[in-house]
Amino acid sequence: METPNFSIEFFPPKTAEGAEKLRATRAQLSLLHPKYFSVTFGAGGSTQRGTLDTVVEILAAGEQAAPHLSCVGGTRESIRAILAEFKSHNIRRLVALRGDLPSGYGAAGEFRYANELVEFIRAETGDWFHIEVAAYPEVHPQARSPQDDLLAFERKVKAGADAAITQYFYNADAYFQYVEQTRKLGIAVPIVAGIMPITNYTQLMRFSDMCGAEIPRWVRLKLASFGDDSASIKAFGLDVVTALCQRLLAGGAPGLHFYSMNQAAATTALWQRLV
């Protein structure tokens, strides 16, 4: 079996202080030699400049980097301009997403779904970019049914996606069943498991409510029982997520993509238990 690829996600900082903090975080995480760093793209492209600036800085440091690109709210002309700018910086990898409209934003733009974005990128740039797309082992919260969600993923792959990164989850069975179902549809692209370290109970509950990620009841109750005991939450979270990652890798997951939340400690601790 091939060596699994580990990658790490950041969000673009909004302040000079945040940028300095991210530099320090990246310096620490670079010591782990991830395959690449990815950088998110805010709702409706609201962090577009910050995403590019962060990616360019990572590339200049000699690391591999992939900007996220969301299409909702965008036009063909605006996406074309972004792709041209990515190419001008010799960016060769990107994460193509539908994304969410920011609150108060009007029209959805010229793209409704991520497969339309992938198709457009391929039509405009050929094989220039290695394109990752999103996958949802526990079903996208807006999908009408699990089958509809699988077919939406199939459309993204047929449009030209090279690989996928999943939404984070804590149920390995959901991932393995999802991969099995995609293989039955003839989808052969690597599906990398998205991993969210557990460091803060309240934050995790809020994120999970928004994205539809299920926290197993026993994990939720145990985390809640620790109250404000941050050290116990982190120690328990590290054990739970390490066991999840070990099971995923043993079961053939082609890689792990760590949602770092611009922090180094939790991802580093996990990584050191796995390698």
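Q: How much space lies in the second largest pocket?
A: On a 1 Å grid over the protein atoms alone, a pocket is an open set of points where a 1.4 Å probe fits, with protein on both sides within 12 Å along at least five of seven lines. Here the second largest pocket holds about 300 Å³, a volume being the space filled by probe spheres set on the points. This is a predicted model, in which local features need pLDDT of at least 70 and side-chain atom pairs count only at pLDDT 80 or more, while totals for chains, interfaces and linings use all residues. Residues are numbered from 1 along each chain as its sequence is written, and side-chain values use heavy atoms, without hydrogens or water.

Q: Which residues of the lining lie nearest the centre of the second largest pocket?
A: Lining residues have an atom within 4 Å of a point. There are 16 for this pocket, and Thr-199, Gln-203, Met-261, Gln-263 and Ala-266 lie nearest its centre. Two or more residues each come from α7 (201-211) and α10 (265-274), helices being DSSP runs of H or I with at least four residues.

Q: Is Glu-154 buried or exposed?
A: Buried means under 20% relative accessible area and exposed over 50%, with partly exposed in between (1.4 Å probe, protein chains only). Glu-154, in helix α5 (residues 146-159), is buried because its relative accessible area is 14%. Leaving aside neighbours within four places in sequence, Glu-154 is in contact with Leu-185 and Ile-187, where contact means heavy atoms within 4.5 Å.
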